[in-house]
Amino acid sequence: MYYLGIDLGSSSIKLAVFDADKNASVCALTVPDHEMEMAAPEYGWAEQDPNMWWEYVKEGIEKIRKEHHIDTKKIKAIGIAYQMHGLVVVDENLEPVRSSVIWCDSRAAEIGETTYKSIGEGKCQQQILGSPGNFTASKLKWVKENQPEIYAQIKYAMLPGDFIAAKLTGIAQISTSGLSEAALWNFKENRLATEILNAMEISPELIPEVVPNFGKQAKISKQIAGQLGLSEETEVTYRAGDQPNNALSLNVLHPGEIATTAGTSAVIYGVSSTDDYDANNRINTFLHVNNQLEEKRNGVMVCINGSGILYQWIRKIMSVSKDELIDYELLNQLAGQSPIGSNELRFYPFGNGVERIFNNKPTFSGIQNLNFNIHQKADFVRAACEGIVFAMNYGFEIMRNVGVEGKVVRAGKANLFLNPVFREIFVNTTNTTLELYNTSGADGAARGAAYGHGFYSKLEEAFSGLACLERVSPDTKKVGQYQEIYQTWKNNI
C-alpha cells in the first residue's frame with residue numbers, strides 16, 4: 001500500500017512515497033530545482049503565492065508517476081506537512097484573494113501584542129498559553145485593518161497545508177493543532193478560542209471545518225484525481241505543521257522526548273503532558289499531533305528564524321555570482337578549518353524577521369570582534385554555525401525553565417545537521433546526545449497518512465523500522481570550552 005507525504009516548506013516542497021507493506025520509503029524528491037521565491041513588498045514582510053505551491057505539488061506528483069514509475073492510482077492516502085503560522089485567505093471557489101503572509105512575516109506583531117493586553121495577559125496565558133503574537137490570527141486581523149476590500153472577499157482563512165488539502169479535495173478544513181498554531185485554540189476548554197476572534201472582531205464563520213490531525217478527512221475530488229493520476233478513493237488522512245510533523249517523523253511522541261531541526265529556521269521541540277508556557281512569551285506551546293482528550297500531548301517549541309537562511313546568505317555572498325554558487329559541502333569544510341570560538345569572532349543570527357525569544361521585537365543580525373587582519377572565510381562560516389547553535393541553546397534554556405528538558409535530542413540527518421562541525425557545536429553547547437535518523441518531513445507525513453488511513457493500529461507502529469544512523473555525544477572538555485564562549489555571546493545580546 002502506497003502513502004504520499006507532502007512537506008510544504010518556504011524554500012522547497014518535498015514529496016515521499018511510503019510503501020507500508022515494506023515499511024519503507026520507495027521514492028523521495030524535491031521541487032522545484034531552485035529555492036522558491038519569497039516576496040518582501042515592504043521591510044519585515046514575507047509573502048508567497050499559494051498557487052505557486054499548488055503548481056509545484058502537481059509537478060511533484062507528476063514526477064512520481066513519470067520519472068519514478070510509481071502507479072499513483074495505488075496511493076491510498078495523503079499526509080501534508082507545512083510551514084507553520086502562515087495565513088492563506090480564499091474565496092468561495094477556494095482561490096486565494098491575496099498572497100500568503102508566511103511564518104517569518106513581522107507585520108502583525110504589534111496587533112498580537114495589543115490583543116494580548118486587551119484580553120488580559122493572565123487570561124491569554126491560561127487560554128492559549130501565551131500571546132497571539134505574530135501568528136495567523138494576528139495576520140488575519142492585519143488584513144482586516146489594512147486591506148478591507150480584500151477582507152470582504154474572504155470565505156475561509158487557513159494555514160498553508162490546509163490550502164493544499166483544499167485544492168486536492170475541494171473542501172476547506174483546518175486541524176485542531178492547526179488552530180493552536182494560529183493562536184486560536186483554547187487549551188483550558190479544548191475548543192476554538194473565540195475570545196481571540198471576538199477581541200480581533202473576526203467572524204468565526206471564516207474558520208473552516210475543524211478536523212483531527214489523523215483520520216479520513218476528505219477524498220480527493222474527481223477532477224483532481226483525473227488530472228493528477230490519483231484514484232478517486234484516495235483520501236487526505238493527516239495534516240500538521242512542519243515542526244510537530246518533524247517530531248512525528250523522528251518518533252518523538254511522549255514527554256521527555258525532544259526533536260530538533262535546522263532548516264530555514266532552527267527549532268527545538270519537546271513533548272509535554274502539561275500546559276506549559278513561558279510567562280514572557282518567548283517560547284510557544286501547541287497541540288502535538290497525537291494529543292487526545294484522555295492523554296494530553298503538547299509540543300513546546302523554541303524557534304530561531306535565522307538558521308539555514310543565514311547559511312544560504314553566506315553561500316551567496318561567498319559565491320562569484322548567483323549562477324555559480326559554491327557547494328554547501330565546501331562551507332562545511334571551511335567551518336572545520338577554524339578553531340573552537342572562531343578566533344573570537346561572534347555571529348548573531350537574527351536577520352529574518354522578529355524573534356519570538358525576544359518577545360517579537362525587531363532584532364538584527366550582527367558580527368562582533370571582526371578583525372580584518374585576523375579573520376578569514378573559515379572563521380566567518382564557523383562563527384555563523386556557532387551563533388545559530390548559541391541562539392538555539394538560549395531558547396533551550398527557556399524551555400528547561402518551564403520544565404521541558406531531556407538529555408537526548410533527535411534530528412534528521414539533513415540541512416545543517418549534515419555538517420559535522422555544526423553537530424559538534426550543538427552537542428557540546430547544549431550538553432545533550434544527538435541521535436541522527438534517515439528520515440524527512442515528507443516521509444513522516446507519509447507515515448502519518450498511513451496511520452490516519454488505518455493501516456496501523458498504533459502510531460508507534462509506523463516508525464518500527466526507523467533506525468538511528470549515528471549518535472554524537474558531548475565531550476566533557478569541549479562542553480566547558482563552548483559554555484564559556486556561549487556565555488560571552490549571551491552577555492552581548
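**Ala-183.** Start by selecting Ala-183, in the loop between helix H7 (176-181) and strand S10 (185-186). This is a predicted model. Check the backbone first: phi of Ala-183 is near 65 degrees, a positive value in a residue other than glycine. Is Ala-183 buried or exposed? Its relative accessibility is 4%, so Ala-183 counts as buried, the cut-off being under 20%.

**Asn-369.** Next, select Asn-369. Look in the loop between strand S20 (366-368) and helix H13. Asn-369 also has a positive phi, about 70 degrees, although it is not a glycine. Its relative accessible area is 42%, and Asn-369 is therefore partly exposed.

**The whole chain.** Zoom out. The protein chain has 16 helices and 23 strands. Its radius of gyration is 22 Å, close to the 23 Å that the globule rule gives for 493 residues, so the chain is as compact as a globular protein of that length. Along the principal axes, the C-alpha atoms fill a box of roughly 65 × 55 × 45 Å.

Colour by accessibility. Of the 493 residues, 62% count as buried. The chain exposes about 19,200 Å², and carbon and sulfur atoms supply 46% of that area. Now colour by charge. There are 46 positive and 58 negative side chains. The centres of these two sets lie 2 Å apart.

Turn on contacts. Take those between residues at least 6 apart in sequence: 74% of them join residues at least 24 apart.

**Strand S15.** Select residues 258-262, strand S15. How many of the five residues are buried? Five of the five are, so S15 is largely enclosed by the rest of the structure. Look at each face in turn. Ile-258, Thr-260 and Ala-262 lie on one side, Ala-259 and Thr-261 on the other, and both faces are covered.

Five bridges join S15 to S16, and the two strands run antiparallel. They form a hairpin with three residues between them.

S15 pairs with S21 over two bridges, in the parallel sense. Which residue of S21 is the bridge partner of Ala-259? Pick Arg-410.

**Helix H10.** Go to residues 242-249. Seven of the eight residues of helix H10 are buried, so H10 is largely enclosed by the rest of the structure. Show the buried set: Gln-243, Pro-244, Asn-245, Asn-246, Ala-247, Leu-248 and Ser-249. Move on to Asn-251, which follows H10. The phi of Asn-251 is positive, near 60 degrees.

**Helix H11.** Select residues 308-317. Which residues of H11 are buried? Show Gly-308, Leu-310, Tyr-311, Gln-312, Ile-314 and Arg-315. An α-helix has 3.6 residues a turn, so residues three or four places apart point the same way. Now bring in what lies over the buried residues of H11. The cover includes helix H12 (328-335), strand S19 (346-348) and helix H13 (377-401).

**Pro-32.** Jump to the loop between strand S3 (24-31) and strand S4 (47-48), the place of Pro-32. Display the peptide bond that joins Val-31 and Pro-32: this bond is cis, with omega about -10 degrees.

**Gly-9.** Select Gly-9, in the loop between strand S1 (2-8) and strand S2 (13-19). At 18% relative accessibility, Gly-9 counts as buried because the cut-off is under 20%. What does Gly-9 touch, leaving out residues up to four places away in sequence? Show Met-36, Gln-48 and Gln-83. Then draw a distance to Trp-53. Gly-9 and Trp-53 are 44 residues apart along the chain, and their C-alpha atoms are separated by 9.2 Å.

**Glu-59.** Last stop: Glu-59, in helix H1 (residues 50-66). Glu-59 has 30% relative accessibility and counts as partly exposed. Draw one more distance, from Glu-59 to Ala-414. These residues are 355 apart in sequence. In space, C-alpha to C-alpha, Glu-59 and Ala-414 are 23 Å apart.

Conventions:
Residues are numbered from 1 along each chain as its sequence is written. This is a predicted model: local features need pLDDT of at least 70, side-chain atom pairs count only at pLDDT 80 or more; totals for chains, interfaces and linings use all residues. Side-chain values use heavy atoms; hydrogens and water are left out. Buried means under 20% relative accessible area, exposed over 50%, partly exposed in between (1.4 Å probe, protein chains only). Helices (H or I, at least four residues) and strands (E, at least two) are DSSP runs, numbered from the N terminus. Contact means heavy atoms within 4.5 Å. The radius of gyration is taken over C-alpha atoms; the globule rule is 2.2 Å times the number of residues to the power 0.38. Accessible areas come from the Shrake-Rupley method with a 1.4 Å probe; for residues, only the protein chains shown count as cover. Lys and Arg count as positive and Asp and Glu as negative; His and the chain ends are not counted. The place of a charge is taken as NZ of Lys, CZ of Arg, CG of Asp or CD of Glu. Two strands pair if DSSP finds at least two bridges between them.
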